[in-house]
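Reader: I've got a new model open and would like to learn how to read it. Could you walk me through a few features?

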Amino acid sequence: MRIVGKIASAILTTAALVLASQPASAQAPEKRKVNVATASLGLPYLPLIIAQQRKYFADEGLEVEIAAFAGGSKALQSLMGGSSDVASGAYSNTLNMAAKGQKLVYFVTQVRYPALAVGVSKRARYSTPADLKGMKIGVSAPGSSTHMIVNYLLAKSGVALDGVSIIGVGTSAGAVAAVEKGEIDALINSDPVMMKLEADNAVTIIADTRTEKGTQDLFGGPYPEAGLYATGDFIAKNPNTIQALTNAIVRAELWMAKASMDDIAANVPAEHMLGDKELYLASYKKMREAHSPDGQITKQGAQIVLNVLSMSLADVKAANIKVEDTYDNRFVEAALKKFQGKM
């Protein structure tokens with residue numbers, strides 16, 4: 001009986017060790033129902049939409065509810081207020097909160113370039129960025145990443161930050177209407193909003209980060225914009241849930257890399273296309289290279305974002321932030337082992 005007991009104990013111990021050695025992706029999520037607050041349902045957040053539409057979250061054992069907000073600062077408020085478990089928004093939010101002593105961790109990238117464009121209304125007089133002085137500039141929401149990029153452009157152009165008026169216009173039809181009605185003189189936004197304004201000959205594009213070249217021209221390197229992040233506490237308590245979310249996003253990105261335009265169109269709800277499917281697909285084609293091919297964030301890109309924020313935010317500049325503390329690629333690395341080369 002003692003021998004049998006020892007054998008049984010050894011078997012249980014071995015099983016426990018095997019289970020513990022398995023990656024988080026092989027284990028059940030601690031939290032099955034997850035609320036995700038997203039800064040937008042625009043093209044930069046397409047991997048999130050694809051993961052939902054193609055049931056990749058469900059395949060990972062998750063029930064994900066996505067709540068769309070008018071800008072990243074609103075999504076951040078939802079996360080910090082406890083209404084959401086995870087935010088789909090700008091990496092820069094982790095840096096802003098680090099400066100305030102709050103630990104947020106970014107764990108999978110959706111776009112490696114901002115995929116945003118700055119346009120000046122054809123009604124406004126404009127020759128150089130210095131002419132932005134005195135203008136009413138539309139951003140997705142005050143305090144959002146779009147606002148931070150505008151601040152960087154202003155500082156780079158020698159325009160005082162208080163020399164313009166910042167107005168929140170969202171990231172959909174309201175932003176288009178604000179330009180058309182003359183409520184703003186310039187704006188920063190993603191596609192298909194910017195593509196529609198260009199097609200209507202309503203704006204002149206003065207900065208464009210929908211491509212690698214445009215991002216390089218403005219920032220001097222990569223600028224990770226949108227991804228998923230959560231509080232350090234939530235991640236520590238729910239690593240399998242975070243792994244499951246990451247698996248779904250990375251799987252969506254690997255699928256997108258090979259998908260045709262028809263495939264993309266078939267997996268995007270009509271209401272996300274601003275009533276113009278052809279415009280939406282043209283927008284996607286133009287900024288396609290901005291989407292991350294593998295979900296990872298680089299230290300170089302993280303540092304550039306920190307440098308940009310430090311130009312206009314004194315608390316970020318003074319905080320002595322180590323970017324390595326604000327992101328974690330381990331979940332993406334595990335997801336790539338599971339899916340890369342198998343899609």
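This is a predicted model: local features need pLDDT of at least 70, side-chain atom pairs count only at pLDDT 80 or more; totals for chains, interfaces and linings use all residues.

Reader: Is Arg112 buried, exposed or partly exposed, and what is its relative accessible area?

Author: Buried means under 20% relative accessible area, exposed over 50%, and partly exposed in between (1.4 Å probe, protein chains only). Arg112 comes out as partly exposed because its relative accessible area is 31%. Residues are numbered from 1 along each chain as its sequence is written, and side-chain values use heavy atoms, with hydrogens and water left out.

Reader: Where does Arg112 lie, and which residues is it in contact with?

Author: Arg112 lies in the loop between β4 (104-111) and β5 (116-121); strands (E, at least two residues) and helices (H or I, at least four) are DSSP runs, numbered from the N terminus. Contact means heavy atoms within 4.5 Å. Leaving out neighbours within four places in sequence, Arg112 is in contact with Pro222, Tyr223 and Pro224, and also with Glu289, Ala290, His291, Ser292 and Pro293. Its C-alpha atom is separated by 6.1 Å from that of Glu225, 113 residues apart along the chain.

Reader: And His272, buried or exposed?

Author: His272 counts as buried, because its relative accessibility is 16%. You'll find His272 in the loop between α12 (261-266) and α13 (277-287). Not counting residues up to four places away in sequence, His272 touches Leu41, Ile49 and Tyr280.

Reader: How many residues does the largest nonpolar core have?

Author: A nonpolar core is a set of buried Ala, Val, Leu, Ile, Met, Phe, Trp, Tyr and Cys residues joined through side-chain atoms within 4.5 Å. The largest one here has 51 residues, and those with the most contacts inside it are Leu46, Phe57, Val86, Phe107, Leu245 and Ile264. Helix α11 (residues 239-258) gives the largest share of this core, ten residues. Apart from it lies another core, of 42 residues, including Leu104, Val164, Phe219 and Val323.

Reader: What is Phe57 in contact with?

Author: Setting aside neighbours within four places in sequence, the contacts of Phe57 are Leu48, Ala51, Gln52, Leu62, Val64, Leu245, Ala248 and Ile249.

Reader: Last one: which residues in α6 meet α14?

Author: Met148, Asn151, Tyr152, Ala155 and Lys156 in α6 meet Val308, Leu309, Met311 and Ser312 in α14.
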